Amino acid sequence: MLSKKKIAVIGAGHIAAALVGGILRAKLVNKGSLTLSRRSSDTLGELKKRFGVNVSTDNKKAIKGADIVILAVKPQQAGAVLTELAPAVHEDQLIITVMAGLTTAWVNSKLGRANPVVRAMPNTPMLVDAGATALSKGAHASEGDLELARKLFASVGETEVVPENLMDAVTGLSGSGPVYIFMVIEALTDGGVKMGLPRLIARRLAAQTVFGAAKLVKETGKHPAILKDEVTTPGGTAIAAIHELESKGLRTVLMDAVVTATKRSEELSKVAT
Ligand SMILES: NC(=O)c1ccc[n+]([C@@H]2O[C@H](COP(=O)([O-])OP(=O)(O)OC[C@H]3O[C@@H](n4cnc5c(N)ncnc54)[C@H](OP(=O)(O)O)[C@@H]3O)[C@@H](O)[C@H]2O)c1
């Protein structure tokens with residue numbers, strides 16, 4: 001039961017604030033059950049005003065009595081923060097980490113305790129409640145722990161559960177993916193501008209086209225290739241453009257982008273752990 005849980009968030013930055021906003025909008029817990037922590041007291045004051053939650057610059061105080069501790073500092077700050085938290089953590093506290101590239105085993109080893117740890121890889125569309133978050137449970141976490149974490153992230157978008165060894169692939173696809181699509185929107189906009197459309201109109205048309213195509217894939221459940229064939233008139237404009245995209249290797253480029261980002265995520269994880 002999430003509604004009875006107390007949640008501490010260590011590292012109340014962008015990702016954490018987006019998640020807290022979703023949790024409160026979905027009424028998963030009361031604002032009094034949430035405590036946010038970061039070093040800047042000015043920004044904490046703003047967060048307190050915005051969300052009505054408890055705030056603290058003292059990480060150890062923030063996690064006292066919490067059932068769930070969400071770790072959302074940058075990966076470079078993780079070692080120091082976990083060392084600081086280790087003496088104050090209780091083994092029954094569920095730790096949820098959104099820190100890229102850091103394994104649940106690494107979190108357990110830094111804490112020196114067998115806490116249940118769930119790892120989440122969200123993406124920035126969670127800022128507008130359209131996130132895609134993959135979750136994995138560590139060695140000491142139960143299905144129930146995973147479900148609690150999943151419910152929290154479901155307040156800011158969609159969730160998938162994957163084995164932890166696939167988290168680098170998730171980083172290469174949905175974690176980094178918004179950037180690929182921003183580039184697609186920018187390029188489509190430029191194409192429209194080149195052909196005479198005013199830039200603002202071109203950008204709005206490009207963004208809505210990406211949004212609408214994604215919505216069609218999700219809501220019809222049809223394979224994208226079927227949707228493509230359905231709107232491709234023989235001898236028409238779409239097939240002429242498809243020929244161009246195929247000859248320039250659009251699909252290979254996007255597949256390669258996912259492969260390269262996944263490999264980079266693997267490299268960064270090795271450096272961090
Ligand atoms: N952005 C993304 O697309 C994305 C996607 C998936 C996962 N992630 C992961 O999400 C995490 C947070 O990313 P973000 O973009 O939200 O970064 P961010 O805005 O920089 O948030 C990190 C926060 O940690 C706080 N902090 C730093 N040192 C601290 C300490 N010793 N104790 C308590 N708080 C401390 C910082 O505030 P103060 O300086 O005030 O302390 C800052 O607000 C990262 O680990 C990242 O890998 C990000």
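Modeller: Start with one cut-off. A residue is buried if 20 or more other C-beta atoms lie within 10 Å of its own, and exposed if 12 or fewer do. In between, a residue is partly exposed. Keep in mind that this is a predicted model.

Now look at Val20. Val20 has 26 other C-beta atoms within 10 Å, so Val20 is buried. Find Val20 in helix α1, which covers residues 14–25. Which residues is Val20 in contact with, leaving aside its neighbours within four places in sequence? They are Val9, Leu34, Leu36, Phe51 and Val53. Now jump along the chain to Val170. Val20 and Val170 are 150 residues apart in sequence. In space, their C-alpha atoms are 23 Å apart.

Stay with helix α1 and turn to the ligand. Both α1 and α4 (75–85) supply at least two residues each to the shell around the ligand. In total, 27 residues surround the ligand. The closest are Gly11, Gly13, Arg39, Ser40 and Ala100. Sort the shell by class. There are 13 nonpolar residues, eleven polar ones and three charged ones.

Next, follow the chain past α1. The loop between α1 and β2 (34–37) holds Lys27. Is Lys27 buried or exposed? Lys27 counts as exposed, because it has 11 C-beta neighbours inside 10 Å. Check its backbone too. Most residues other than glycine have a negative phi. Lys27 has a positive phi, near 55°.

A second residue with a positive phi is Asp129, where the value is near 60°. Asp129 is not a glycine either. Look for Asp129 in the loop between β6 (117–121) and β7 (131–137). Asp129 has 14 C-beta neighbours inside 10 Å, so Asp129 counts as partly exposed.

Finally, step back to the whole chain. The domain assignment gives domain 1 (2–169) and domain 2 (177–269). Their C-alpha centres lie 33 Å apart. How many residues of domain 1 are in contact with domain 2? Six residues of domain 1 are in contact with seven residues of domain 2. On the domain 1 side, the touching residues divide into two nonpolar, three polar and one charged.

Conventions
Residues are numbered from 1 along each chain as its sequence is written. This is a predicted model: local features need pLDDT of at least 70, side-chain atom pairs count only at pLDDT 80 or more; totals for chains, interfaces and linings use all residues. Helices (H or I, at least four residues) and strands (E, at least two) are DSSP runs, numbered from the N terminus. Two residues are in contact if their C-beta atoms, placed from the backbone, lie within 7 Å. A residue is near a molecule or strand if its C-beta atom, placed from the backbone, lies within 6 Å of it. Ala, Val, Leu, Ile, Met, Phe, Trp, Tyr, Cys and Pro count as nonpolar, Asp, Glu, Lys and Arg as charged, and the others, Gly among them, as polar. Domain bounds come from an automatic or database domain assignment.
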